[in-house]
Amino acid sequence: MSGQTMRTNEISQLSAFLAVAEERSFRRAAVRLNLMPSTLSHALRALETRLGVRLLNRTTRTVGLTEAGDILLRKISPAFASIAMAVEDINEFRDRPHGTVRLSVPHLVARTIIAPILAPFLAAYHDVALEVIANDAFVDIVKEGFDAGIRLGESLDQDMTAVPVSPAFATAIVASPDYLARRGTPRSPQDLQAHQCIRHRQASGAIYRWELERGGQTSIVQVDGRLVVDTVDLTVSAALDGIGLAFVPDVTVTSQLASGQLVRVLVDWSPPFPGFYLYHSGRRQTSAALRALIAMLRV
């Protein structure tokens, strides 16, 4: 019995080492394994004591591998990957997918793409839990322990596996009828300089420059305006209140345009985008739960 317990502890310690070594962070590894960072730290100290060598170089900000740690990582990674694939192959025989899917998405996607499928997905797959984290900044899903992310197709790395989850869409410059009655209607990108524009601060901290395109001609405009916001919802709300012109994805103002609450201008200068894609690492085995989510979101 004691020998079996020792082997179980060894596997747990090696699994903890693998997570920390791959993530280069106790915090991210703890998220990945759903453990406390202190638990991982204890497991790593126990493993190093048992092996009699230091595996990790730790500082207050970084975690690096020693030469021994690098050798151990290269030796055990294929074995753990094979185990994970074997377990997932067995899960194919289950009646339903199971487990947790962690998803990183922009706020717009959370509202327009994810929210409508939450109830039907959870109703269809009782053994699957979803964790959806909305963040407009680009997130390294591998480092942050996410199973998948959703972003615009043009922003994805080539080593990611991606599937479309929205149709292509275009940008739209919109304003309330009241604003246009007071300030006039812009007829060209240059006219925007004379208008109050609702500006958007990106997650990077930079103010977004309006990118307009017509017939292959591109015009990038550094607009001016007294209001700066960081969400599409607040941008649309401000446009409805007559504060100024807004530059937003057309899918976010469909109903307001149909009702006449907003009016679209410079329509022929609105460039298309390829739409949103769900992406995940092609180097990891795709779980049955993630495949089920992809099947429901795919367009």
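Predicted model: local features only at pLDDT ≥ 70, side-chain atom pairs only at ≥ 80, totals over all residues.
Modeller: Residues are numbered from 1 along each chain as its sequence is written, and side-chain values use heavy atoms, with hydrogens and water left out.

Colleague: Why is helix 5 called oblique to helix 9?

Modeller: Helix 5 (residues 107-124) and helix 9 (residues 288-297) pack at about 120 degrees with their axes 11 Å apart, where axes are lines fitted to C-alpha atoms, for helices over the stretch in contact, and angles run from 0 to 180 degrees between N-to-C directions. Angles under 35 degrees count as roughly parallel, over 145 as roughly antiparallel, 65 to 115 as roughly perpendicular and the rest as oblique, and therefore helix 5 is oblique to helix 9.

Colleague: What makes the contact of helix 5 with helix 9 nonpolar, polar or charged, by its residues?

Modeller: Ile-113, Ile-114, Ile-117, Pro-120 and Phe-121 in helix 5 meet Ala-289, Ala-292, Leu-293, Met-296 and Leu-297 in helix 9, contact meaning heavy atoms within 4.5 Å. Ala, Val, Leu, Ile, Met, Phe, Trp, Tyr, Cys and Pro count as nonpolar, Asp, Glu, Lys and Arg as charged, and the others, Gly among them, as polar; the contact thus divides into 10 nonpolar, no polar and no charged residues.

Colleague: Why is helix 2 described as roughly perpendicular to helix 3?

Modeller: The axes of helix 2 (residues 26-33) and helix 3 (residues 37-51) cross at roughly 105 degrees and come within 8 Å, and because of that angle helix 2 is roughly perpendicular to helix 3. The contact of these two helices has seven nonpolar, one polar and no charged residues.

Colleague: How do you know which strands are the edges of the open sheet?

Modeller: The five strands have the order 4-3-5-15-6, with mixed pairing, and two strands pair if DSSP finds at least two bridges between them. Strand 4 (128-134) and strand 6 (160-164) each pair on one side only, as edge strands.

Colleague: What makes the pair of Phe-169 and Phe-276 stacked?

Modeller: Rings of Phe, Tyr and Trp (its six-membered ring) pair if their centres lie within 6.5 Å, and planes under 30 degrees apart count as stacked, over 60 as edge-to-face and the rest as tilted. Phe-169 and Phe-276 lie 5.7 Å centre to centre with 20 degrees between the planes, and the pair is stacked. The pair links Phe-169 in strand 7 to Phe-276 in strand 15, 107 residues apart.

Terms used
Helix = DSSP H or I, 4+ residues; strand = E, 2+ residues; numbered from the N terminus.
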